[in-house]
Amino acid sequence: MAPGIQDFTYLNVGHETVKGTPVAPTRQMYVDGTGVLEPDPHLNFHQGENRGRRSTIARVTQMGEDVGLKVRHGEGVSFDDLIVYHSFLNGTAAAVGAGADKTWTQTPSMTASNSPQSYSADVGDDVQNWRIQYGMVSRFKLAASLISVTTLEADWFGQRAVKGAKANPASNLSPKIPGDLWTLKFAGTFAGLAGAAVQNAFLVGWELEVMTGLVWRHYMDGNLYGAQHVETAISGTLKLTVESTALAISEAYDKWMSQTADYVRLKATGPTLGGSAYSAQYDLPILWSNVPPITKADQGVNLYELEANLFDDGTNAPINPVTVGSLTALP
């Protein structure tokens, strides 16, 4: 009997029309294959029962049912994949554009429901498939550095994991995002980001971690598995690794010491698509949280590692993603 192999592990997803009603996944998501699925039947072994014997374990009771997915796009995340992850911030967005290039603006509301989307996910290998229903993401983190691809890791939760046959969606050929394509802008206001200058010879790496605010809830309703998601606070952090220039002082250190709000745009533009090109853009209101001078060096060049909290400035959400890709609808 042959075992399953790492080359045949997979994660495929499909957008659910009704949350919790499973669908056949339609999109392959290329992630690191092992350690993805985390089913939890919440078993109680009643080890506090004294039975007059030298072993206290005599039975087991299932207390609930949860499932998690620890996902890492270690070989790169694509422009189109980002549209899926952004749909947990704002699920009401739709593709805009008459050509092959479709623009997705998934800016979350700070005062109303964002109607985040849910997905069914197939995960497994050439031996066994599990289908997860009502899959959503509570956290995702993007990271990019020089001479590398942009990576993404995410924490998914789901309602149930049921063994069964898997779907066989087509290959996903959406282009990955080289780290060197990212550009950085600063502005004193959110509106000023569009016209701000790109800061050249400065950025060498970054990480953006986003908490979507989505949590999973259980109730006493006759089922061991949970019933629904709830939208809570959206938050996040930004880390920039930059050259030790005067800009690191005036833009980050001085504003950190004076508690002055700042605004950041990270944008990568990829291959031609339709009348424009693939692109991913994040506009972020930030408050610097830690700007220690000269934290490390690379080839004798001093570097700063800047840390900031995303914040709600009263008008703009903490994270405002705009993606141009080939998806005409959520997969």
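K70, R139, E153, D155 and E209 are joined in a network of salt bridges, a salt bridge being a side-chain nitrogen of Lys or Arg within 4 Å of a carboxyl oxygen of Asp or Glu. The model is a predicted one, in which local features need pLDDT of at least 70 and side-chain atom pairs count only at pLDDT 80 or more, while totals for chains, interfaces and linings use all residues. Residues are numbered from 1 along each chain as its sequence is written, and side-chain values use heavy atoms, with hydrogens and water left out.

R139 counts as buried at 12% relative accessibility, whereas E153, at 24%, is partly exposed; buried means under 20% relative accessible area, exposed over 50%, and partly exposed in between (1.4 Å probe, protein chains only).

By the same rule the count comes to 15 salt bridges. One of them joins the side chains of E49 and R59 at 2.5 Å, N to O. Both E49 and R59 lie in the loop between β4 and β5 (61-62), so the pair ties together parts that are ten residues apart in sequence. E49 is partly exposed at 22% relative accessibility, and R59 is partly exposed at 47%. K296 also forms a salt bridge, with E305, where the closest N and O atoms are 3.3 Å apart; K296 is partly exposed at 40%, as is E305 at 30%.

S87, found in the loop between α1 (79-86) and β7 (102-105), has 0% relative accessibility and counts as buried. A polar atom of the S87 side chain lies 2.6 Å from the backbone oxygen of V84, and the S87 side chain makes a polar contact with the side chain of Y119 at 2.9 Å; such a contact is a pair of N or O atoms within 3.5 Å, where within protein one must be able to donate a hydrogen and the other to accept it, and residues adjacent in sequence count only if both atoms are side-chain atoms.

Key: Helix = DSSP H or I, 4+ residues; strand = E, 2+ residues; numbered from the N terminus.
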